Amino acid sequence: MKRPLWLDTEHRANQQLSSHISCDVVIIGAGLCGVSAAKRLVDLGVDVVILEAREISSSASGRNAGFLLQGVAERYDRACAIMGRDRAKLIHGWSVENHRMISQAVSDLNLDCAYKQKGSLQLAGNEQEESELIRSAELLAQDGFQAKRLSRKELPDSLQEAGYKMGVLLPTDGELHPAQFVRGVANHTAAKGARIFENSPVLNLECSGAGDVLATTSSGSVQASIGILATNARAAELVPQFRGLVDPVRGQMLATAPTRPLFDRPIYANHGYDYWRQLDDGRVVLGGWRNLDPSAEVGHEERLHDDIQNKMSLFIKSVGVTSEITHRWAGIMGFSQDGLALVGGVPSSPSLLAGVGFTGHGFGFAYAAGHALADMVLDGKHPLCEALDPRRLIK
């Protein structure tokens with residue numbers, strides 16, 4: 001019951017690291033960002049080793065809702081107010097590019113990951129949220145992104161019956177089986193020569209002034225010219241500079257048995273705290289409700305919050321889902337201090353790069369971030385790393 005729905009699929013585990021080896025680039029973390037960086041590097045002939053503490057995509061990348069949404073955690077009107085219109089547009093554009101790159105990878109690698117692009121729906125639960133959605137849609141359209149306001153009558157019947165009065169359709173958003181996608185990309189990297197070691201948590205990470213990296217596990221080590229830290233919420237465990245800048249935040253999830261067709265695209269409601277989608281087989285996946293007890297939903301333990309799960313169970317019935325709940329799980333997200341990922345070089349560690357702190361929107365940015373980090377390895381620069389440079393927070 002506590003295992004994520006996405007991790008029910010068969011996975012042939014890679015071996016554990018058991019010796020000292022060397023490579024060009026060592027990547028710590030086999031989630032979306034880590035395997036994306038590995039793909040880009042091995043496609044260009046770089047010798048890569050990936051070290052994963054558990055199994056590929058077993059942490060946040062396999063414990064989310066499988067949404068491919070544009071934008072950051074804040075709605076576009078708030079993002080513009082917080083970071084300025086030009087920067088908000090730039091960052092938003094990178095999330096759109098991230099989706100394009102994922103779609104291209106699905107096609108190029110012929111990945112079986114239930115990818116679809118049918119858009120997403122943002123719902124308003126009250127007049128204030130309705131005003132915010134309308135303003136966000138206006139700003140998105142002005143800045144060249146697609147957004148369409150939907151009246152109550154244009155919403156699915158189940159949502160009208162639940163009391164939602166309007167929504168905004170973002171037609172270019174999508175969805176997928178997150179673990180199948182990440183594992184598919186990882187399999188490609190292995191076929192191209194990357195060495196992947198699972199159940200090999202890194203206990204110590206040393207970056208010497210000479211410009212190399214030593215990653216040590218309980219039974220082996222990897223010496224590399226460059227390291228990429230892709231552990232998201234656990235960034236500070238290996239690099240103290242991220243302490244207080246990337247915090248672990250827990251998210252609750254559940255999935256039901258198949259039910260009648262109710263929802264035809266991913267849905268966000270209650271300022272993004274409530275989100276759900278229906279899969280091709282009729283299952284409904286629901287997540288969120290962290291705002292009900294934000295002080296408790298912190299830390300690295302993937303534990304269920306019984307009160308939140310109970311309220312989610314009641315909600316799922318309120319939107320017309322009558323089938324039984326088959327899965328309940330939790331996942332740990334890495335929330336950054338300013339709500340934006342940290343992607344690029346780690347100050348004072350010239351041989352270390354990082355892609356962490358995706359603030360619940362890893363599938364909105366982490367694939368592009370991984371490719372950007374790979375280009376940083378090869379060329380020393382990338383515009384996404386300039387936009388999300390960790391030095392904006394690490395002084």
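A: Start with strand pairing. β1 and β11 run parallel and pair over 8 bridges. Val26 has Gly227 as its bridge partner in β11. Keep in mind that this is a predicted model.

Q: In which sense do β1 and β2 run, and how many bridges join them?

A: They run parallel, joined by 4 bridges. For a landmark, find Ile28, which stands opposite Leu51 in β2.

Q: What is the strand order in the open sheet of 8 strands?

A: The order is β5-β6-β4-β13-β14-β15-β12-β16, and the pairing is mixed. The edges are β5 (148-151) and β16 (325-336), each of which pairs on one side only. From one strand to the next, the twist averages 25°.

Q: Which helix packs on the sheet and touches β4, β5, β6 and β13?

A: That is α4, residues 127-142. Its direction makes about 25° with that of β6. Another helix, α8 (residues 306-318), lies across β12, β14, β15 and β16. The angle between α8 and β12 is about 40°.

Q: In which sense do β14 and β15 pair?

A: Antiparallel, over 5 bridges. Asp274 stands opposite Gly288 in β15.

Q: How do I check a helix?

A: Take α1, residues 32-43. At 1.5 Å a residue, its 12 residues should span 16 Å. The end C-alpha atoms are 17 Å apart, which agrees. Now take α9, residues 362-379. Its 18 residues should span 26 Å, and the end C-alpha atoms are 24 Å apart, which also agrees.

Q: What follows each of these helices?

A: A glycine with a positive phi in each case. Gly45 follows α1, with phi near 85°. Gly380 follows α9, with phi near 80°.

Q: Why is α1 described as largely enclosed?

A: Count its buried residues, taking under 20% relative accessible area as the cut-off. In α1, 10 of the 12 residues are buried, so the rest of the structure largely encloses this helix. Among the buried ones are Leu32, Cys33, Val35, Lys39 and Leu41. The cover includes β1, β2, α6, β11, β18 and α9.

Q: How many residues of α9 are buried?

A: 15 of the 18, so α9 too is largely enclosed by the rest of the structure.

Q: How do I read a nonpolar core?

A: Begin with the general idea. In soluble globular proteins, nonpolar side chains tend to be buried together. Here the largest nonpolar core has 66 residues. Ile27, Leu41, Val48, Phe181 and Ile228 touch the most other members. The element that gives the most to this core is α9, with 11 residues. A second, separate core has 29 residues, including Val49, Ala215, Leu238 and Ile394.

Q: Which residues is Leu41 in contact with, leaving aside neighbours within four places in sequence?

A: They are Val25, Ile27, Val46, Val48, Ile228, Ala374, Val377 and Leu378.

Q: Asn64 is polar by its side chain. Is it buried or exposed?

A: Asn64 is buried, at 18% relative accessible area. It lies in the loop between β2 and β3. Its side chain reaches the backbone oxygen of Ser61 at 3.1 Å. Beyond four places in sequence, Asn64 is in contact with Trp6, Pro178, Met253, Trp329 and Phe363.

Q: Where does Gly344 lie?

A: In strand β17, residues 342-346. Gly344 counts as buried, at 1% relative accessibility. Not counting residues up to four places away, Gly344 touches Leu353, Ala354, Leu373, Cys385 and Pro390.

Q: How do I read a positive phi?

A: Look at the residue type. Most residues other than glycine have a negative phi. Asn270 is not a glycine, yet its phi is positive, about 55°. His271 is not a glycine either, and its phi is about 60°.

Q: Where is His271?

A: His271 lies in the loop between β13 and β14. Asn270 has its place in the loop between β13 and β14. Asn270 counts as partly exposed, at 29% relative accessibility. His271 counts as partly exposed, at 33%.

Terms used: Residues are numbered from 1 along each chain as its sequence is written. This is a predicted model: local features need pLDDT of at least 70, side-chain atom pairs count only at pLDDT 80 or more; totals for chains, interfaces and linings use all residues. Side-chain values use heavy atoms; hydrogens and water are left out. Helices (H or I, at least four residues) and strands (E, at least two) are DSSP runs, numbered from the N terminus. The expected span of a helix is 1.5 Å times one less than its number of residues. Buried means under 20% relative accessible area, exposed over 50%, partly exposed in between (1.4 Å probe, protein chains only). Two strands pair if DSSP finds at least two bridges between them. Axes are lines fitted to C-alpha atoms, for helices over the stretch in contact, and angles run from 0 to 180 degrees between N-to-C directions. Contact means heavy atoms within 4.5 Å. A nonpolar core is a set of buried Ala, Val, Leu, Ile, Met, Phe, Trp, Tyr and Cys residues joined through side-chain atoms within 4.5 Å. A polar contact is a pair of N or O atoms within 3.5 Å; within protein, one must be able to donate a hydrogen and the other to accept it, and residues adjacent in sequence count only if both atoms are side-chain atoms.
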